[in-house]
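Reader: I would like to learn how to read a structure like this one. Could you take me through some features step by step?

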Amino acid sequence: MVGRKGKKLKQPGGKIISLKTAQSCVEFKLDGKPRLDLSFKGISAVPKCIQKLCDVDEVDLSRNLIRKIPDFIGQFVSISVLDLHSNYVEQLPVIIGRLQNLQVLNLCNNRLTDLPSELGLLKKLHTLNLGLNLLEALPSSIAALKELQHIGLSDNRFARIPVCLSRLPKLEKVNLDRNPVVTGQTQESIMVTERLYLVKESFLCEDCLRKCQSESRNMEEQDGSQVSAEEET
């Protein structure tokens with residue numbers, strides 16, 4: 001913003017973080033790895049100065065006023081945790097796919113309407129939190145996240161359980177609470193694979209889920225017996 005005399009005016013609504021301030025926000029975890037904590041700083045943009053701190057293991061930019069993730073985030077190739085929850089982020093840059101060592105990505109409570117297919121490049125990712133956004137679907141590339149164990153999708157706009165979730169061999173927990181998932185579709189209410197059970201909490205209690213698991217095993221045994229009988233005949 002430029003004033004009448006050509007002087008640059010400070011943009012309202014966001015604080016400025018200097019390199020010195022950012023450096024003072026670096027703390028060391030018990031394993032000795034550095035963590036940059038810029039949460040609760042009232043910033044509306046990711047500070048450019050943190051590019052000089054790209055060797056940290058974790059970056060916490062949560063609880064701010066950030067609307068855009070800059071492309072220079074791709075320089076943080078060594079980070080294992082990126083926390084951006086409770087901001088105003090509307091879109092992820094495709095450069096996110098460069099963060100090959102990322103294990104935890106928290107994007108909860110933002111304004112995301114879609115996701116780049118490059119998310120599927122994060123081969124080490126085991127926790128992905130996308131709750132409290134405006135998502136209606138997931139990119140099919142999510143199926144490539146073979147290490148993914150936990151995914152949060154609550155409080156979005158999913159009308160169907162994403163099919164790509166059934167292709168994740170290590171997935172243990174899916175949160176689809178408070179989505180407009182069609183309740184009358186029994187085939188989509190619960191999808192069972194060898195290692196995955198996707199259940200909307202309002203559908204099944206723990207006892208019912210255990211019963212479904214037991215019935216699934218019985219069905220597999222019956223199918224095996226049928227095959228053996230057919231081979232003998």
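Reader: Which residues does Ser154 touch, not counting residues up to four places away in sequence?

Author: Contact means that heavy atoms lie within 4.5 Å. By that rule, Ser154 touches Gly131, Leu132, Asn175, Leu176, Asp177, Arg178 and Asn179, with residues up to four places away in sequence not counted. Before we go on, please note that this is a predicted model, where local features need pLDDT of at least 70 and side-chain atom pairs count only at pLDDT 80 or more, while totals for chains, interfaces and linings use all residues. Residues are numbered from 1 along each chain as its sequence is written, and side-chain values use heavy atoms, with hydrogens and water left out.

Reader: Where does Ser154 lie, and is Ser154 buried or exposed?

Author: Helices (H or I, at least four residues) and strands (E, at least two) are DSSP runs, numbered from the N terminus. Ser154 sits in the loop between strand E7 (150-152) and strand E8 (173-175). For burial, we use relative accessible area: buried is under 20%, exposed is over 50%, and partly exposed is in between (1.4 Å probe, protein chains only). Ser154 has 11%, so it is buried.

Reader: What is the phi of Asp155?

Author: Asp155 is not a glycine, yet its phi is positive, about 55 degrees. Asp155 lies in the loop between E7 and E8. Arg63 has a positive phi too, near 60 degrees, and is a residue other than glycine. Arg63 belongs to the loop between strand E3 (58-60) and strand E4 (81-83), and its relative accessibility of 37% makes it partly exposed.

Reader: Which side chain is joined to that of Arg35 by a polar contact?

Author: A polar contact is a pair of N or O atoms within 3.5 Å; within protein, one must be able to donate a hydrogen and the other to accept it, and residues adjacent in sequence count only if both atoms are side-chain atoms. Here the side chains of Arg35 and Asp60 are joined by such a contact of 3.0 Å. Arg35 is in strand E2 (residues 34-37) and is buried, at 18% relative accessibility. Leaving out residues up to four places away in sequence, Arg35 touches several residues, among them Cys25, Glu58 and Asp60.

Reader: Where is Cys25 found?

Author: Cys25 is in the loop between helix H1 (19-24) and strand E1 (26-28). Cys25 and Leu38 are 13 residues apart in sequence, and their C-alpha atoms are 6.6 Å apart in space.

Reader: Which residues touch the most other members of the largest nonpolar core?

Author: A nonpolar core is a set of buried Ala, Val, Leu, Ile, Met, Phe, Trp, Tyr and Cys residues joined through side-chain atoms within 4.5 Å. The largest one has 53 residues, and Leu82, Leu138 and Leu165 touch the most other members. Setting aside neighbours within four places in sequence, the contacts of Leu82 include Val59, Ile73 and Ile96.
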